[in-house]
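Here are my notes on the model you sent. Please read them with the structure open.

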Amino acid sequence: MLSVGVNGYGTIGKRVADAVVAQPDMELVGVAKTRPNYEAGRAVKNGYPLYAAIEERAEKFDAADIDLAGLVEELVEEADVMVDATPSGIGAENKSLYEEHDTPALYQGGEDADLVDTSFNARANFADAAGADHVRVVSCNTTGLSRLVAPLEEEYGIEKVRATLVRRGGDPAQTDRGPINDILPNPRTIPSHHGPDVQTIFPDLAIDTLGLKVPATLMHTHSINVSLNGDATADEVRELLESQSRTFVIPEHLDIDGAGKLKEFALDAGRPRGDLWENCIWGESISVEGDDLYLFQAIHQESDVVPENVDAIRAVAETADADESIETTNDALGMGL
Ligand SMILES: NC(=O)C1=CN([C@@H]2O[C@H](COP(=O)(O)OP(=O)(O)OC[C@H]3O[C@@H](n4cnc5c(N)ncnc54)[C@H](OP(=O)(O)O)[C@@H]3O)[C@@H](O)[C@H]2O)C=CC1
Ligand SMILES: O=C(OP(=O)(O)O)[C@H](O)COP(=O)(O)O
């Protein structure tokens with residue numbers, strides 16, 4: 001069994017913790033937080049040992065009647081692999097903690113690519129993380145782009161990707177992002193960080209990305225154009241994407257016309273927290289004009305990186321190859337819609 005610790009128990013961390021618990025080959029050693037808020041209480045109710053991330057604040061947990069299992073240093077010492085899901089920039093500050101205890105660590109997409117030995121996407125470059133000490137699971141949007149690029153690159157070769165990312169302004173619980181009423185080019189410069197980030201996975205890929213932020217919380221939406229090298233028809237591309245385990249081509253008959261219905265669909269399917277781990281690609285949008293493929297896909301920012309984190313744990317621990325790990329993760333989570 002792989003012992004896993006999660007430092008940072010927020011949007012991503014709590015989902016990764018639950019996903020680790022669901023795996024047949026992993027155990028959750030515990031999770032770390034700085035404050036005794038509702039998520040801390042829920043972690044304890046779930047039976048997850050809770051560690052204080054900042055020693056001086058440990059007494060606040062006592063005052064809130066929330067039991068601590070110890071300090072984050074003890075969690076790191078006990079874990080075979082740490083998943084750092086702290087806010088952007090804090091992961092970099094925590095790197096020395098993991099090094100002191102000789103514990104390999106995963107970081108999230110809010111950290112810089114140069115913090116780590118390799119950036120990670122399970123479908124595209126699983127083997128690059130073998131035995132690495134520091135691995136970054138790329139951001140939600142970069143994960144969504146990488147999952148799309150990998151099969152297209154293998155099947156046809158890619159001349160160029162052009163992607164416009166309409167990004168949600170904040171997660172549903174991020175009240176500090178709002179109230180919001182605006183549409184922002186974000187960043188105003190081009191490219192957005194996503195193109196260079198995709199190139200940390202596909203170094204030779206030509207890709208331009210433009211980003212915007214809109215006053216929505218549910219999901220991101222990508223408008224994609226891929227100039228392919230090989231001949232393709234829309235039907236062939238659709239079949240290819242349907243054959244991938246983490247790209248869900250939304251059938252037309254479901255009559256899902258936006259992120260709101262997608263989330264409702266996920267809740268109806270019994271998905272935890274209404275999570276959509278897969279890229280959600282509108283079937284009727286898949287079009288080929290000459291060498292150019294076009295499509296729309298929705299990306300659930302809170303959850304698409306979760307199975308990638310689980311796979312990255314096995315990759316650094318070298319306990320499975322890509323296909324084995326992806327299959328185990330998918331089965332344990334209940335992937336497939
Ligand atoms: N949300 C998203 O859509 C996505 C986020 N990411 C990336 O994942 C990372 C985490 O983001 P997200 O989950 O949204 O962030 P959240 O703010 O939801 O969660 C971060 C958690 O870290 C805790 N924390 C804060 N400081 C520390 C610390 N010093 N040590 C330990 N824990 C700490 C916070 O707990 P406390 O309340 O106790 O301070 C909070 O629970 C970022 O790099 C982000 O860019 C990637 C893909 C999608
Ligand atoms: O990784 C994400 O987005 P990104 O791929 O646009 O950086 C998450 O949705 C977090 O985005 P945020 O930086 O707006 O919180």
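Predicted model: local features only at pLDDT ≥ 70, side-chain atom pairs only at ≥ 80, totals over all residues.

1. Residues are numbered from 1 along each chain as its sequence is written, chains are lettered from A and ligands numbered from 1 in the order in which they are written, and side-chain values use heavy atoms, with hydrogens and water left out.

2. Mean pLDDT (the predictor's confidence in each residue, from 0 to 100) is 97 for the protein, with 100% of its residues at 70 or more. The scores for the model are ipTM 0.97 and pTM 0.98.

3. An unreviewed UniProt entry puts "domain: Glyceraldehyde 3-phosphate dehydrogenase NAD(P) binding" at residues 2-140; such annotations may be inferred rather than shown by experiment. That stretch is 35% helix and 24% strand, and its end C-alpha atoms lie 25 Å apart. Helices (H or I, at least four residues) and strands (E, at least two) are DSSP runs, numbered from the N terminus.

4. Helix α1 (residues 11-22) packs on helix α11 (residues 306-317) at about 55°, with the axes 9 Å apart. Axes are lines fitted to C-alpha atoms, for helices over the stretch in contact, and angles run from 0 to 180 degrees between N-to-C directions. The pair is therefore oblique (under 35 degrees is roughly parallel, over 145 roughly antiparallel, 65 to 115 roughly perpendicular, the rest oblique). R15, V16, A19 and V20 of α1 touch V306, N309, V310 and I313 of α11 (contact: heavy atoms within 4.5 Å). By class, the α1 and α11 contact has six nonpolar, one polar and one charged residues (Ala, Val, Leu, Ile, Met, Phe, Trp, Tyr, Cys and Pro are nonpolar, Asp, Glu, Lys and Arg charged, the others, including Gly, polar).

5. Helix α11 also meets helix α12 (residues 322-333): their axes come within 9 Å and cross at roughly 135°. This makes α11 oblique to α12. P307, V310, D311 and R314 on α11 face S325, I326, T328, T329 and L333 on α12 in this contact, which divides into four nonpolar, three polar and two charged residues.

6. Where is P187? It is in the loop between β10 (184-185) and α8 (194-201), and a cis peptide bond with omega of about 0° joins N186 to P187. P191 is found in the loop between β10 and α8; the I190 to P191 bond is cis, with omega near 5°.

7. D65, in the loop between α3 (58-63) and β4 (70-71), has a positive phi, near 65°. Most residues other than glycine have a negative phi, and most peptide bonds are trans.
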